[in-house]
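My entries follow in the order I made them.

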Amino acid sequence: MNTMNNIVTLRLSTPDIALLERLGKKEKKDRSTTLRDLVTKGRLYVAIEKYSTSEASLEKAAEIAGITVSQMMQLLERFGIETKLTLTDYFAGKAVAEKIV
């Protein structure tokens, strides 16, 4: 369960506040929800960037994004980024899955 019991104070420039207001109005969301959505999208961006530059493995990128490895693979495919999985990676994953089942 994702609970929101941490409060963060953030100073933003006037143009950033205006953008936040426009996005919130367009999506019919309040500032806090809009900002949380932007943070989530930022996590996805950072994960994609780190994976595509080989700074993060697929697993690490998924962790940064806050999603599963499978979801990360789908996201990379959606943006036309090829995964760097090898046949060895596939068989290692298959062995892990067989142990679980």
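I looked up serine 54 and found it in the loop between H2 and H3. Helices here are DSSP runs of H or I with at least four residues, numbered from the N terminus. Serine 54 has a phi near 65 degrees, a positive value in a residue other than glycine. I noted serine 54 as exposed because its relative accessible area is 55% (buried is under 20%, exposed over 50%, partly exposed in between, with a 1.4 Å probe and protein chains only).

The model is predicted: local features need pLDDT of at least 70, side-chain atom pairs count only at pLDDT 80 or more, and totals for chains, interfaces and linings use all residues. Residues are numbered from 1 along each chain as its sequence is written, and side-chain values use heavy atoms, with hydrogens and water left out.

Next I went to lysine 28, in the loop between H1 and H2. Lysine 28 is not a glycine, yet its phi is positive, about 60 degrees. Lysine 28 has 78% relative accessibility, so it counts as exposed.

Where is glutamate 63 found? I located it in helix H3, residues 58-65. Glutamate 63 counts as exposed because its relative accessibility is 53%. I also checked alanine 97, which is 34 residues from glutamate 63 along the chain; their C-alpha atoms are separated by 19 Å.

I then turned to valine 8, in the segment before helix H1 (14-27). Valine 8 has a relative accessible area of 69%, so it is exposed. Together with Leu10 and Leu12, Val8 forms a nonpolar patch on the surface, with about 290 Å² of accessible area in total. Patch residues have over 30% relative accessible area and no salt bridge; like charges are joined within 9 Å, and nonpolar side chains (Val, Leu, Ile, Met, Phe, Trp, Tyr) within 5 Å. A salt bridge is a side-chain nitrogen of Lys or Arg within 4 Å of a carboxyl oxygen of Asp or Glu. The areas come from the Shrake-Rupley method with a 1.4 Å probe, and for residues only the protein chains shown count as cover.

Last, I looked up the largest pocket. A pocket is an open set of points on a 1 Å grid over the protein atoms alone, where a 1.4 Å probe fits, with protein on both sides within 12 Å along at least five of seven lines; lining residues have an atom within 4 Å of a point. Its lining has 19 residues, and Val8, Ser32, Leu35, Arg36 and Val39 lie nearest the centre. H2 gives the most to this lining, with 7 residues.

Methods: Helices (H or I, at least four residues) and strands (E, at least two) are DSSP runs, numbered from the N terminus.
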